[in-house]
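These are my notes from an afternoon of looking things up in one structure.

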Amino acid sequence: MDKKLALLKEKTIVALDVDTLEEAEHFTRILSPYINKFKVGSRLFSALGPAVFKCIEKYDAKIFLDLKYHDIPSVVGSSCKVIAENHPSVFLITVHASGGLAMIAAAVEAVEFRDDLDIVAVTALTSLSSSEMGLLGISLTLEDWAEKLGDLAIDAGAAGLVCSPREVEAFRLRFGKAPIFITPGIRPENKRQGRDDQTRTRTPAEALDAGSTYLVIGRPIYQSEDPIATLKAIAENL
Ligand code: C5P
């Protein structure tokens, strides 16, 4: 079990999609013996701003800042630079690949002075389904669109991609060992049929087998009645 818990710690990023400092403090405190990487997304950042980083740093954990920047290149570059300069515990920042080559390149260039911080690009949100592609005016299949965005992001210099665990195998074959692939949309075996907004899910073991570098897991942990038992069950099945 120790090896499995070590693998869990190496590979898992817990998404702290909560609204209050009390909740953020609670989860970082109880999870930090098992987890050393936490994701701060737009929900928590909108509620608390960078002040929330402190409660993660207290446990020497690293921060995946998932604000999915999508703006003109100069604004995205400046936003990434200010994070890189002021927050050494942030090790990953997301941008939307659909923001385009120049925007991704601006983000990459802005953080080049930090060897321990990478820009990763979100391909297609894991909540999107094929039926929505037409509504977005995109004639490609969801898979082809995600692949196109992946090509663009890697060409622009992104260190990796945030993608569906169902797409990661194809991306790993396409881009080889080097890129970081981060997969949300992870549902433990027993939660697979759960009804939420994630449509393209995989279990943790399936995602790792397919080539994920990091698994992002949110609700299955922070909505669990016993988050530690859930973590241990996930580790057991790795
Ligand atoms: O609660 P759940 O495990 O579904 O959390 C998934 C997390 O991953 C959320 O914080 C969401 O913002 C993020 N995410 C995603 N799909 C992407 C990129 C990020 O679900 N393509």
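**Entry 1: helix 2 and helix 12**

In which hand, left or right, does helix 2 pass helix 12? Before answering I noted that I am working on a predicted model. The crossing of helix 2 past helix 12 turned out to be right-handed. I then looked up the geometry of this pair, and found that the axes of helix 2 (residues 21-31) and helix 12 come within 10 Å and cross at roughly 45°. The two helices are therefore oblique to each other, since an angle has to be under 35 degrees to count as roughly parallel. For the residues that meet, I listed F27, I30 and L31 on the side of helix 2, and P227, I228 and L231 on the side of helix 12. Sorted by class, the residues of this contact are six nonpolar, with no polar and no charged ones.

**Entry 2: T230 in helix 12**

While I was at helix 12, which covers residues 227-236, I also looked up T230, which is found in it. Is T230 buried or exposed? I recorded T230 as buried, because its relative accessible area is 14% and the cut-off for buried is under 20%. Setting aside the neighbours within four places in sequence, I found T230 in contact with P220 and S224.

**Entry 3: helix 5 and helix 6**

Next I turned to helix 5 (residues 73-86) and helix 6 (residues 101-110), whose axes come within 8 Å and cross at roughly 25°. I therefore wrote this pair down as roughly parallel, and I noted that helix 5 passes helix 6 in a right-handed crossing. Which residues make the contact? From helix 5 I listed P73, V76, G77, C80 and K81, and from helix 6 A102, M103, A106, A107 and A110. By class I have eight nonpolar, one polar and one charged residues in the contact of helix 5 with helix 6.

C80 is in no disulfide, and the nearest cysteine sulfur, that of C163, is 19 Å away, whereas the cut-off for a disulfide is a pair of sulfur atoms within 2.5 Å. I looked up the accessibility too, and C80 counts as buried because its relative accessibility is 0%. C163 is likewise in no disulfide, with the sulfur of C80 as the nearest cysteine sulfur. C163 is buried as well, at a relative accessible area of 1%.

**Entry 4: helix 8 and helix 9**

The axes of helix 8 (residues 142-155) and helix 9 (residues 168-175) come within 11 Å, and I read a crossing of roughly 40°. That angle makes helix 8 oblique to helix 9, and the crossing of the pair is right-handed. In the contact, A146, E147, G150, D151 and I154 of helix 8 meet F171, R174 and F175 of helix 9. By class I noted four nonpolar, one polar and three charged residues for this contact.

**Entry 5: backbone angles and a loop residue**

One entry is D60, a residue other than glycine with phi near 60°, found in the loop between helix 4 (53-57) and strand 3 (62-69). D60 counts as exposed because its relative accessibility is 69%. Another is K68, where phi is positive and near 45°; K68 is found in strand 3. How accessible is K68 by relative accessibility, and what does it count as? At 26%, K68 counts as partly exposed.

Last, I looked up D115, which lies in the loop between helix 6 and strand 5 (118-122). At 76% relative accessibility, D115 counts as exposed. I also noted a distance for this residue: the C-alpha atoms of D115 and F91 are separated by 9.3 Å, with the two residues 24 apart along the chain.

Note on methods:
Residues are numbered from 1 along each chain as its sequence is written. This is a predicted model: local features need pLDDT of at least 70, side-chain atom pairs count only at pLDDT 80 or more; totals for chains, interfaces and linings use all residues. Side-chain values use heavy atoms; hydrogens and water are left out. Axes are lines fitted to C-alpha atoms, for helices over the stretch in contact, and angles run from 0 to 180 degrees between N-to-C directions. Helices (H or I, at least four residues) and strands (E, at least two) are DSSP runs, numbered from the N terminus. Angles under 35 degrees count as roughly parallel, over 145 as roughly antiparallel, 65 to 115 as roughly perpendicular and the rest as oblique. A crossing is left-handed if the near helix is turned anticlockwise from the far one by less than a right angle, and right-handed if clockwise. Contact means heavy atoms within 4.5 Å. Ala, Val, Leu, Ile, Met, Phe, Trp, Tyr, Cys and Pro count as nonpolar, Asp, Glu, Lys and Arg as charged, and the others, Gly among them, as polar. Buried means under 20% relative accessible area, exposed over 50%, partly exposed in between (1.4 Å probe, protein chains only).
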